[in-house]
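Dear colleague,

Please find the structure below, handed over for your records. My notes on it follow.

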Amino acid sequence: MTRKNLAIIGNGMATGRLLDELARRDGLARFEVAVFGEEPHGCYNRILLNRVLLGGSVDDITLKPAAWYAERGVRLRSGAAVTRMSPAARRLWTADGQEHYFDLAVFATGSVPRLPPVEGITRADGKFKDGVAAYRTAADCERMRASAKKGGRAVVVGGGILGLEAAKGLADLGLSVTLLHLFDTLMERQVDKAGGVMLRRAVEALGITVRTSANTKAVLGEKRAEGVLLGGGERVPSDLVVFASGVKPRIDLAKDSDVPTNAGILVDDQLQTQLPALYAVGECAEHDGRVYGIVQPVYEQCAVLADVLTGANPGARYRGSKLYTRLKVAGVEVASMGDIDPKEADDEVVQVIEEKRGVYRKLIIRDERLAGAVLVGDASAAAGLVRRFERGDPVPANRLDLLASPDRASEPSGGVVCNCHQVTEPSLLEAIRGGCRSLQDLATRTGAGTGCGSCRGQLAALLLKTQSPRLAGG
Ligand SMILES: Cc1cc2nc3c(=O)[nH]c(=O)nc-3n(C[C@H](O)[C@H](O)[C@H](O)COP(=O)(O)OP(=O)(O)OC[C@H]3O[C@@H](n4cnc5c(N)ncnc54)[C@H](O)[C@@H]3O)c2cc1C
């Protein structure tokens with residue numbers, strides 16, 4: 001039987017995960033898979049890009065080197081942007097003019113930086129001025145690094161996850177960094193006002209100047225960036241200006257090919273676009289009026305799409321994701337899920353503030369269920385909270401038990417420790433019993449800790465606990 005041609009456009013984190021999910025269902029043998037990636041590498045862990053900013057190589061964060069694809073019979077065309085597609089003729093063309101036939105195609109084109117309406121970002125030819133950069137790709141990081149002179153000045157526009165990461169990276173490179181944020185709270189989508197105060201303090205403690213309610217109007221300088229102009233007329237001098245002010249789905253190819261789009265490429269519960277044999281997954285997809293900007297929903301979509309494409313579970317449906325974020329941003333642990341402020345009259349709010357430790361924890365309880373949580377400075381209770389939030393389990397009478405040490409809060413034990421790769425405590429324990437003795441072993445064997453890395457502390461604790469003579473055998 002001839003195998004169907006499956007073309008995947010884009011080779012980012014969604015594609016990396018989709019290939020794993022297909023492999024798990026024998027899908028790589030069932031299809032002739034061709035992956036087209038505009039970036040010149042195998043897929044890499046975009047979440048760890050700050051390592052490249054700090055001078056590491058893309059290889060350090062590569063999830064699938066070229067050999068991975070070759071060994072599994074996947075045809076990888078890296079450095080090959082798909083510039084044209086004909087859904088009717090089932091053909092696509094890469095920038096170098098090569099034509100490729102497909103039976104099924106998946107858009108996994110991700111997002112592009114959303115640039116704010118600021119004058120003077122680009123030169124006359126539409127390219128960034130020297131000393132201006134965005135923060136999305138390994139090439140962006142290399143560009144930033146090339147402009148970053150030790151002792152120089154940098155401005156980062158955007159105080160969300162990306163902006164904080166960029167600011168920390170540039171401060172680590174020895175630059176004097178000013179972070180400009182339009183809103184009055186950093187990471188205002190994940191963190192409430194009180195948590196934002198704690199987060200701001202932690203960021204300022206790194207030597208970063210934080211300016212909130214700061215409206216960037218223009219990038220100064222003729223050929224290269226010399227600073228920015230703020231709404232009130234103030235000038236902030238700088239040799240490097242980095243825009244990290246959000247993302248928008250990359251839909252140019254789909255739109256030009258008459259695939260229906262809105263903010264993202266419109267997909268149904270099976271991740272199928274409104275045209276037959278065409279699917280979309282990851283940050284480029286819009287499902288039920290929502291587009292996503294973090295990786296956990298992307299992974300959930302990939303599992304459903306692999307079920308659908310391989311027929312492993314033809315009834316699989318993606319119903320949208322309950323959002324939670326857990327990460328270490330600018331060196332500070334942050335976790336957030338659901339509502340970050342009360343919404344209904346009867347919502348109960350539990351707040352614990354530990355000024356000295358720089359820890360802030362807040363729970364929103366609705367109808368005896370967890371409706372949301374914000375953790376800043378200590379996210380050790382996050383795994384238990386996420387589990388309870390996802391399942392809708394009732395909360396204990398003593399609300400503070402929810403914030404207790406992970407061991408107490410996570411009853412029943414056995415939940416997900418690594419959210420990025422959905423690795424559970426039992427599978428980690430099994431790997432440890434099977435001989436994993438170090439964090440590296442455990443990460444290689446199970447994948448845990450190789451996503452955002454925020455669970456590595458828990459992995460280390462698990463290793464310590466199981467290897468401690470007092471607890472061994474217990
Ligand atoms: C610095 C940084 C830090 C982050 N930190 C976190 C975090 O801590 N936690 C979290 O959950 N998420 C984080 N994210 C978001 C996370 O990286 C994304 O959710 C994830 O990468 C989305 O995967 P994707 O495959 O949809 O898009 P991408 O990873 O962007 O991949 C899309 C790929 O498609 C390629 N492409 C686009 N169009 C074409 C075309 N026409 N032809 C060929 N190739 C094409 C692009 O070049 C790109 O390589 C972070 C992102 C960044 C940039």
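Is Cys-141 buried or exposed? Cys-141 is buried, because its relative accessible area is 0%; buried stands for under 20% relative accessible area, exposed for over 50%, and partly exposed for values in between, with a 1.4 Å probe and protein chains only.

Before I continue, please note that this is a predicted model, in which local features need pLDDT of at least 70 and side-chain atom pairs count only at pLDDT 80 or more, while totals for chains, interfaces and linings use all residues. Residues are numbered from 1 along each chain as its sequence is written, and side-chain values use heavy atoms, with hydrogens and water left out.

Cysteines

With a disulfide taken as a pair of cysteine sulfur atoms within 2.5 Å, the count is 0 disulfides. Cys-141 takes part in none, and the nearest cysteine sulfur, belonging to Cys-43, is 16 Å away. Cys-436 also counts as buried, because its relative accessible area is 1%.

Helix H1

Helices (H or I, at least four residues) and strands (E, at least two) are DSSP runs, numbered from the N terminus. Helix H1 covers residues 13–24, which makes 12 residues. From its first C-alpha to its last, H1 reaches 17 Å, close to the 16 Å expected at 1.5 Å a residue; the expected span is 1.5 Å times one less than the number of residues. H1 is largely enclosed by the rest of the structure, because 9 of its 12 residues are buried. After H1 comes Asp-26, with a positive phi near 65°.

His-181

His-181 is found in the loop between strand E11 (176–180) and helix H7 (193–204). His-181 counts as buried because its relative accessibility is 6%. Its side chain makes a polar contact of 2.7 Å with the side chain of Glu-188. A polar contact is a pair of N or O atoms within 3.5 Å; within protein, one must be able to donate a hydrogen and the other to accept it, and residues adjacent in sequence count only if both atoms are side-chain atoms. Leaving aside residues up to four places away in sequence, His-181 touches Gly-158, Gly-159, Gly-160, Arg-211 and Thr-212, among others.

Strands

Two strands pair if DSSP finds at least two bridges between them. Strand E22 (residues 332–338) is mostly covered, with 5 of its 7 residues buried. Strand E21 (residues 324–329) runs antiparallel to E22 and is joined to it by 6 bridges, with Thr-325 opposite Ser-336. The hairpin of E21 and E22 has 2 residues between the strands, and Ala-330 there takes a positive phi near 50°. E22 also pairs with strand E25 (residues 369–376), in the antiparallel sense over 5 bridges; Gly-338 has Gly-372 as its bridge partner in E25.

Elsewhere, 3 strands form an open antiparallel sheet in the order E13-E14-E15. Its edge strands, E13 (216–220) and E15 (235–237), each pair on one side only. Strand E14 (residues 227–230) pairs with E15 over 3 bridges, and Val-228 has Val-236 as its bridge partner in E15.

With kind regards

Methods:
Contact means heavy atoms within 4.5 Å.
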